[in-house]
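I took them one at a time.

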Amino acid sequence: MKCLQFSFSHPVKGTACLTRISLQGVQDRRRLKFDTGENTELSLPIDDLPEGKWKLLLEWEYEERSFSHSSEFDRVPENTLFPAPLFANASLFHSKGTPFSTRGKYAAADSE
């Protein structure tokens with residue numbers, strides 16, 4: 001099971017808002033209530049989330065003070081080895097040019 005995990009220094013109770021974002025705007029929003037009880041670990045399952053970019057907003061109270069945490073993550077399909085668009089710029093054969101410099105000892109061979 002895929003989960004987002006958080007560790008707190010104390011038990012917490014609050015809400016988690018997961019928002020799927022895209023070029024068309026907000027596509028999906030889910031709100032979950034959580035209570036770690038005596039535990040200080042929070043685990044939010046993300047197996048049922050569709051692929052795409054998601055924004056997470058955690059809000060909780062502790063000792064009459066409000067806190068929040070915001071982050072973004074990509075949900076990629078499990079059957080892929082790695083998300084290709086994230087690694088496209090690192091590819092040796094990417095269309096943006098060669099990764100090797102023509103300066104230095106190979107400059108003479110390139111200028112012929």
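**Entry 1: a loop threonine**

Leaving out residues up to four places away in sequence, I found that Thr36 touches Pro11, Val12, Glu41 and Leu42. I noted that the model is a predicted one. I placed Thr36 in the loop between strand 3 (25-35) and strand 4 (41-45).

**Entry 2: an alanine in a strand**

I located Ala16 in strand 2, which covers residues 13-22. I recorded a relative accessible area of 0% for Ala16, which is therefore buried.

Which residues does Ala16 contact, leaving aside neighbours within four places in sequence? I listed Arg30, Arg31, Leu32, Phe34, Leu44, Leu56, Leu57 and Leu58.

I next compared positions along the chain. Ala16 and Glu59 are 43 residues apart in sequence, and I found their C-alpha atoms separated by 6.5 Å.

**Entry 3: a pair of strands**

I asked in which sense strand 5 and strand 6 pair. Strand 5 (residues 52-62) and strand 6 (residues 65-75) are antiparallel, with 11 bridges between them. Within this pairing, I saw that Glu61 stands opposite Ser66 in strand 6.

The two strands form a hairpin with 2 residues between them. In this hairpin I noted that Glu63 takes a positive phi near 50 degrees.

Definitions and conventions
Residues are numbered from 1 along each chain as its sequence is written. This is a predicted model: local features need pLDDT of at least 70, side-chain atom pairs count only at pLDDT 80 or more; totals for chains, interfaces and linings use all residues. Side-chain values use heavy atoms; hydrogens and water are left out. Helices (H or I, at least four residues) and strands (E, at least two) are DSSP runs, numbered from the N terminus. Contact means heavy atoms within 4.5 Å. Two strands pair if DSSP finds at least two bridges between them. Buried means under 20% relative accessible area, exposed over 50%, partly exposed in between (1.4 Å probe, protein chains only).
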